[in-house]
Amino acid sequence: MLFRSVVFVFDTREPLGIAGSTLYIGVMFVAYWLRDQIVLTIVGICLSLMAFGGHFASGETFDWVHIVNRALAVGGIWLAYAFVTALLQSDKNRQLSETNFRNVAEHSIQGLVVHDDWVPVFANQSFAEIFGYDNAAEIVALDNIDKLIDPADAVRLRKLRDQRRTGKEISNRMRWRGVRKDGSDVWVESVRNFVEWSGTRMTIIAVIDVTEETLLEEKHRSAESRLWSALNSMGQPFALYDSSDRLSLCNQNYRELFGSRAAQVEIGMTFREILDLAMAEGIYGQPEQNKAQFAEQRMAQIGRAHV
């Protein structure tokens, strides 16, 4: 009597097997949360036996309706089993993929961070070190990676993100100023992409520290600016040609020598091209028939630094 009572708890006794197996299938999905393939198989076998066991235990005669009914119920159970097995395998593959990614990321010299709308969910040690943190756990503990970005650049990056969301083509590679844990600046170059993380599409950013390179570029630009300022403040025309007789540097006074053709003077032009401009402008006052001879004599001279 007790056995029959237990069995019939799971038996809706509906004439259609799939409908009659609703509770059985429900138990299969409950077994899914155990995340154990062996347990799932045992549950499937037990439920299949119970689908028929209720009738045997009750002593009722089996007719074709009940046989088909129970067969469909068992079919529903194993269809659910196949579906749940696929879910378990998908979870296993995803976990394996994330594990492999973590193993690779932890040994990467590039800084890597995975975030969900700027909320970090993973970072490697290299990323933590670039921003002056002791370990990756400190990065993941941040409520927003905005704290790692200079405020002015944070606004710029968010605008680019919004433009990208509207469909505008924006480069995934960019350089921006970051903020270390101690408040000092760090320049990084980053590449953005997407990754499947815990079943959700998230953003992954790879960064490298380019602080030294950026500071050198700034010094170079500053020195170049001072040089141009000094050259243009000279009262005399100045030009410098390289070993191939190409113009490598000149000030504004030098360009103004060419009058209406000043805009045609470009860095990289050969001395002969500059000479032709000068003769065309009439700087030397040579008659037309003497220009070729004058050009040959001028080209033969040694130690020329400017026209």
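**Figure 1. Burial in the predicted chain.** Of the 307 residues in the chain, 36% are buried (under 20% relative accessible area, 1.4 Å probe, protein chains only). The chain has twelve helices and seven strands, which are DSSP runs numbered from the N terminus (helices H or I, at least four residues; strands E, at least two). This is a predicted model in which local features need pLDDT of at least 70 and side-chain atom pairs pLDDT 80 or more, while totals for chains, interfaces and linings use all residues. Residues are numbered from 1 along each chain as its sequence is written, and side-chain values use heavy atoms, without hydrogens and water.

**Figure 2. The largest nonpolar core.** This core holds 24 residues (a nonpolar core is a set of buried Ala, Val, Leu, Ile, Met, Phe, Trp, Tyr and Cys residues joined through side-chain atoms within 4.5 Å). Phe127, Phe131, Ile139, Leu148, Trp176 and Val207 touch the most other members. Two or more residues come from each of helix 6 (125-130), helix 7 (136-140), helix 8 (151-165), strand 3 (173-179), strand 4 (185-197) and strand 5 (200-209). Another core, of 16 residues, lies apart from it and includes Cys250, Phe258, Phe271 and Ile274.

**Figure 3. Surroundings of Val207.** Beyond its neighbours within four places in sequence, Val207 is in contact with Gln110, Gly111, Phe127, Ile130, Phe131, Trp176, Val188, Glu189 and Ser190 (contact: heavy atoms within 4.5 Å).

Technical notes. Buried < 20%, exposed > 50% of the residue type's maximum accessible area, 1.4 Å probe, protein only.
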